Amino acid sequence: MDRPSLSPSASSPAPAFGTVAVVGLGTMGTGIAEVLARAGREVVGIDVSEAQAALAVTALENSTARAVAKGRLTEGERTDALARFRVFTDLQAAAGADLVVEVVPESYEIKQQLFRDLDEVVRPDAILATGTNALSVTRLAAESRFPERVLGLHFFNPAPAMKLVEVVSSVLTSPEAVARVTGLALELGKEPVAVGDRPGFVADGLLFGYLNQAAAMYEAKYASREDIDAAMRLGCGLPMGPLALLDLIGVDTARTVLDAMYAESRDRLHAPAPILRQLSEAGLTGRKSGRGFYTYESPGSATVVRDALTPAAGEAGPAEGRPVSSVGVAGSGTMASGIAEVFAKAGYSVVIAARSEEKAEKAKARIGKSLARSVDRGRMTAEAAAATLELITPAGTLDAFAEVDLAVEAVAEDLAVKRQLFTTLDKVCKPGTVLATTTSSLPVVACATATSRPEDVVGMHFFNPAPAMKLVEVVRTVLTADDVHATVREVCAKIRKHPVDCGDRAGFIVNALLFPYLNNAVKMVEEHYASLDDIDAAMKLGGGYPMGPFELLDVVGLDVSLAIEQVLHREFRDPGLAPAPLLEHLVAAGCLGRKSGRGFREHARR
């Protein structure tokens with residue numbers, strides 16, 4: 001059988017894909033069609049449903065009208081783009097296309113039949129691209145008479161706004177096809193990332209494992225849907241919480257992707273959480289159905305409405321909190337200084353105690369510099385900064401905590417050190433003082449049992465930098481009193497932080513979801529599936545993450561990250577949570593990230 005030539009002759013320029021057919025005009029297909037039409041391509045939109053094809057035209061008209069209103073498109077450019085988009089219900093309309101992009105339902109049966117049909121319709125030199133994010137490109141390519149012209153072209157939703165495009169090669173794909181499609185992606189103003197054929201590719205391969213764990217966390221009633229989503233938005237700077245994102249993607253779609261990932265990896269972290277099956281089979285697939293993890297105003301709406309699970313605004317807990325007017329902060333590092341600053345800004349009298357008077361004075365001086373920066377940036381007046389600093393008293397001993405109403409420890413993340421400190425707090429603090437630990441990974445109950453009053457002990461996990469980060473994880477042990485929990489939530493409101501409730505287990509909410517994702521990114525590099533730069537780009541451009549996983553690991557510190565992953569692995573005993581060997585090797589070699597000058601990347605020493 002003659003094979004098609006996919007590369008241009010030496011004397012002619014590479015084909016620019018002047019005509020592109022998009023098969024499947026749902027939300028993603030319509031978005032891809034808009035990107036192509038606005039970039040000057042003739043777009044043939046094809047959908048078996050005449051009504052869906054008409055909806056695609058309307059959607060394109062509305063989307064381009066919004067672009068004109070926002071100054072991103074001129075009226076003339078809009079008119080030209082709409083003229084380049086034509087819709088059909090017959091696959092024969094793709095006959096003259098240089099490139100066909102399919103975005104039909106995620107089903108091998110449907111997609112494989114489409115590729116067989118396309119073989120009978122399009123030219124032998126046309127390239128066929130699948131938009132799948134869950135199915136094997138290789139299996140789909142094998143259905144074509146010309147598998148070397150088949151590849152994956154994975155856009156992200158919404159396609160006009162999202163910069164990332166994953167260009168997926170199977171073992172059968174010709175390099176010429178990859179080069180031409182990569183060139184097209186660049187011409188469209190996208191950032192193409194070359195990846196191999198495995199379920200989820202890079203971005204979804206990392207994203208869906210994280211989403212699955214969030215669903216399982218909610219199903220286990222460890223935390224409310226609102227608290228899980230708020231924790232990841234405020235603690236990690238993500239644009240959307242995981243459960244809200246599952247509703248946007250579609251619960252059924254997520255289940256399909258995870259099924260495909262688990263079939264290949266056999267990693268329990270990829271086995272779809274049972275709640276995903278339950279919601280899918282009940283037709284509660286998210287925004288598109290009007291209900292998923294949340295309830296929406298109507299099918300397709302983004303507006304969340306109250307339902308039986310929505311917490312009442314200002315809902316009081318089972319107990320009133322204890323009065324708090326003075327706070328003790330134990331520690332002299334960055335976190336301790338930041339927490340002391342937060343309390344003082346809110347008007348609390350603060351004692352910051354360190355191992356020596358000198359260290360405590362240095363911590364207060366650090367706070368003074370931070371307040372001065374706030375004044376320089378116009379965030380507070382010089383008078384307010386001076387008054388705030390006046391509220392802070394440095395001390396070289398914990399005896400200074402004798403009269404505080406709330407004692408917060410922010411010392412080294414070492415259980416022996418923390419238990420010793422809580423033993424001391426038990427002796428020096430007056431009865432009724434709330435004792436809080438800021439641990440991010442150690443069991444709070446272990447601190448509580450170092451005292452004679454474990455009911456007074458609670459977790460109060462701030463995030464770094466404490467003055468800027470809005471989140472506080474409020475961690476109850478099985479012994480924490482109701483009024484102690486209520487006290488911490490009331491204090492969080494006064495210091496203008498957002499509290500989320502969670503139980504006393506490793507990682508709480510944020511770290512339990514964040515660090516397995518980071519660990520999986522390291523495993524991708526270990527397996528030579530993608531480069532550091534491509535993985536970081538994929539998560540920033542495709543997932544809206546403020547930092548890529550390797551940027552974040554170097555900032556957090558590889559030693560810190562390894563310690564948290566080891567704690568998670570010990571707690572949950574899941575093989576999928578075992579720290580990646582590459583991470584262990586880098587830590588053993590002293591490559592700890594920015595603080596050591598080298599981690600996953602080289603850094604200038606500070």
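In strand β7, Glu166 is the bridge partner of His154. Strands here are DSSP runs of E with at least two residues, helices are DSSP runs of H or I with at least four, and both are numbered from the N terminus. The model is predicted, so local features need pLDDT of at least 70, side-chain atom pairs count only at pLDDT 80 or more, and totals for chains, interfaces and linings use all residues. Residues are numbered from 1 along each chain as its sequence is written, and side-chain values use heavy atoms, with hydrogens and water left out.

## Strands

Strand β7 covers residues 164-169. It pairs with strand β6 (residues 150-155) through four bridges, and the two run antiparallel. Strand β8 (residues 191-196) is joined to β7 by six bridges, and these two run parallel. Two strands count as a pair if DSSP finds at least two bridges between them. Val165 has its bridge partner, Pro192, in β8.

Why is β7 largely enclosed by the rest of the structure? Five of its six residues are buried. Buried means under 20% relative accessible area, exposed means over 50%, and partly exposed lies in between (1.4 Å probe, protein chains only).

Phe85 belongs to another strand, β3 (residues 85-88). Phe85 has a relative accessible area of 8%, so it is buried. Along the chain, Phe85 and Val57 are 28 residues apart; their C-alpha atoms are separated by 8.0 Å.

## Salt bridges

How many salt bridges does a search of the whole structure find? It finds 32. A salt bridge is a side-chain nitrogen of Lys or Arg within 4 Å of a carboxyl oxygen of Asp or Glu. Three of these pairs are listed here.

| Pair | Closest N to O |
|---|---|
| Arg38 and Glu34 | 2.9 Å |
| Asp559 and Lys595 | 2.8 Å |

Take Asp559 and Lys595, which form a salt bridge. This pair links distant parts of the chain, 36 residues apart: Asp559 is in helix α21 (residues 558-572), while Lys595 is in the segment after α22 (581-588). Asp559 is partly exposed, at 27% relative accessibility.

Arg38 and Glu34 both sit in helix α1 (residues 27-38). They are four residues apart, about one turn of the helix. Glu34 is buried, at 4%.

Glu341 and Lys345 lie in helix α12 (residues 334-345). They are four residues apart, so about one helical turn separates them. Glu341 is buried, at 3% relative accessibility. Lys345 is partly exposed, with a relative accessible area of 39%.

Salt bridges can also form a network: Asp98, Arg123 and Asp125 are linked in this way.

## A charged patch

Which residues gather in a patch of positive charge on the surface? They are Arg366, Lys369, Arg373, Arg377 and Arg379. Patches are made of residues with over 30% relative accessible area and no salt bridge; like charges are joined within 9 Å, and nonpolar side chains (Val, Leu, Ile, Met, Phe, Trp, Tyr) within 5 Å. Lys and Arg count as positive, Asp and Glu as negative, and His and the chain ends are not counted. The place of a charge is taken as NZ of Lys, CZ of Arg, CG of Asp or CD of Glu.

Arg379 lies in the loop between α13 (357-376) and α14 (382-390). Arg379 is exposed, with a relative accessible area of 63%.

Terms used
Areas by Shrake-Rupley, 256 points an atom, 1.4 Å probe, with all protein chains shown as cover.
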